[in-house]
Amino acid sequence: MSETLIKIRGLKFSRGGRVIFDNVDMDIPRTGITAIMGPSGTGKTTLLKLIGGQLRPDAGTIEVDGQNIHQLKTKDLYALRKRMGMLFQSGALLTDLSVFENVAYPIREHTKLNERMVRQLVLLKLNAVGLRGAMDLSPAELSGGMARRVAMARAIALDPMMIMYDEPFTGQDPISMGVLVKLIKSLNDALNVCSIVVSHDVYETMSIANYVYIISAGTVVEHGSPDEIRNSHSEWTRQFMEGLADGPVPFHFDAPPLLDDLFAGSGTRRG
Amino acid sequence: MVDILLDRIQGLGRGTLAAVSRLGRANVFLLEVFAGLSGMLTRPGLLIKQLFSVGVQTLIIIVVAGLFVGMVMALQAYYALVDFGAEDSLSVMVVLSLLRELGPVITALLFAGRAGSALTAEIGLMKATEQLSGMEMMAVNPIERVIAPRFLAGMISMPLLAAIFSAVGVMGGYLVAVELLGLDAGAFWSQAQAKVELFEDLGNGMIKSLVFGFVVSWIAVFEGYDCIPTSEGLGQATTRTVVYGSLAILVLDFVLTALMFGK
Ligand SMILES: Nc1ncnc2c1ncn2[C@@H]1O[C@H](COP(=O)(O)OP(=O)(O)OP(=O)(O)O)[C@@H](O)[C@H]1O
Ligand SMILES: [Mg+2]
């Protein structure tokens, strides 16, 4: 493992009374692709938001590039964020701007490049995700998968030191999925950055990851290189990787036994 | 029995706490918006765009409403005054009520319904679709880029719209009084000119609409920014903008009127 870029220690976080992270430690290297996998609803998106400083942990620290994210002044936090790219699960494109302007947005906000250079940069980024032809469309005219690729072009617009991808593959057809997998890999190698890929797509993600974290029920269940994970003896890991319904991984959100609930009378449990 | 009572008391306490903390958030938010206003110096384009969608697009409804309110005022004033043979003072009644009350208040109410609700819905939707989070992650302060221009545009638009409302209202009054009821045009204008004070009437009306503009814009952008990011939460926030906005206007109108004219 190369030098650590993101160091998470003793992370605790709960939301609405539910514990989402309980004492999580993680080290994410400065270069290479780190995959974070886990069942739906374990808090993968939440983890990215914690790293980006949008949420505050209840306890523990998150250091990015040696700086404790949650103790930075707003100005320093923003300076750090300029070096982070984030691809939101929903894309989060600005709906009142065209595709072109969306990708140009961070460039215009943070640099003083002239119009010609902005245009060249944007076209290059859009070309990288295969959507140069869509530059005049508005976000409402894109499919979910296309919107995510535009968001990806935007995330790399400022050549960040790290890129966080939240579910980059969902909603992609097999071809663009393959293209995206390669794209993430080649972007990572070309820019020599830290890529964090959150995904359920075990096979695709494992094929490009250098290191894998599997989280569930608030803790890191397993971590290691893809080979180590594949050969894991943990029943839990095997179940997740192979997508079996039976095993230690719960499919259900925490709840009392079904029968109890069915006969518990009326109303919801929150009362 | 005791249980139910305790439940009620608990609910009351929880509700009060929630309301107070919301009020606190609204105030902190306002300070952040003020801090964000400086960003407009470098990007006047943002403000101009909002002036268009907040102000210009509200113009039609203001003009139509102003025209009819002025016309109705003239009719009512005529019926009230004609018995005393004082119909020449009709214009005074129309102009004063427009400048002091109807202009600022009706404009603000229409503004809350038309522009305020649209502001809340737009900002709330941006929040629900993670556009605001997305900006934060791009190291762009959404309060500076999204909220502040809308807030300022609302504050600037309101007095202008109220002025237009009153002006059009006076025209409407003139139409009814002179063209329909056959009163003397010269008397219409000279009476109004003689009785309307620049500061007392026009100035105080302006102050009112400035205050309304501030409050309605504040409520509208806060409700959008603070909404629960679901379709239901968004609907509730939009409704709250109109309800709280309208109530605030009416209450403030009373307070301001008492302060200004109650000597
Ligand atoms: N705004 C919120 N308020 C309260 N709880 C929330 C909120 N957002 C998410 N949660 C809870 O936090 C948990 C983790 O959510 P998160 O979105 O991080 O999951 P995820 O791992 O990204 O899931 P998915 O793979 O489906 O995207 C969920 O169980 C959810 O119930
Ligand atoms: Mg998620």
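How do the residues of the shell around ligand 1 divide into nonpolar, polar and charged? In this predicted model, for which local features need pLDDT of at least 70 and side-chain atom pairs count only at pLDDT 80 or more, totals for chains, interfaces and linings use all residues. Residues are numbered from 1 along each chain as written, chains are lettered from A and ligands numbered from 1 in the order of writing, and side-chain values use heavy atoms, without hydrogens and water.

The shell comprises two nonpolar, eight polar and four charged residues; Gly is counted among the polar ones, and Asp, Glu, Lys and Arg are the charged types. In total, 14 residues surround ligand 1, a residue being near if one of its heavy atoms lies within 4 Å. The closest are A:Arg18, A:Ser40, A:Lys44, A:Thr45 and A:Thr46. Taken alone, ligand 1 exposes 640 Å², of which the protein buries 67% (Shrake-Rupley method, 1.4 Å probe). Strand E2 (18–29) and helix H1 (44–51) of chain A each give two or more residues to the shell, and H1(A) gives the most, with three. Helices are DSSP runs (H or I) of at least four residues, and strands (E) of at least two.

The magnesium ion (ligand 2) is coordinated by A:Thr45 (OG1) and A:Gln89 (OE1) at 1.9 to 2.4 Å, donors being N, O and S atoms within 2.8 Å of the metal, or 3.2 Å for Na, K and Ca. Because A:Thr45 lies in helix H1 and A:Gln89 in the loop between strand E6 (84–87) and helix H3 (99–110) of chain A, the pair ties together parts 44 residues apart in sequence. A:Thr45 is partly exposed, with a relative accessible area of 23%, as is A:Gln89, at 35% (buried is under 20%, exposed over 50%, partly exposed in between; 1.4 Å probe, protein chains only).

Over all chains, eleven aromatic pairs are counted, with ring centres within 6.5 Å; planes under 30 degrees apart are stacked, over 60 edge-to-face and the rest tilted. B:Phe29 and B:Tyr225 form a tilted pair, with centres 5.0 Å apart and planes at 35 degrees. B:Phe29 is buried, at 3% relative accessibility.

Definitions and conventions: Phe/Tyr/Trp six-rings, centres within 6.5 Å; stacked < 30°, edge-to-face > 60°.
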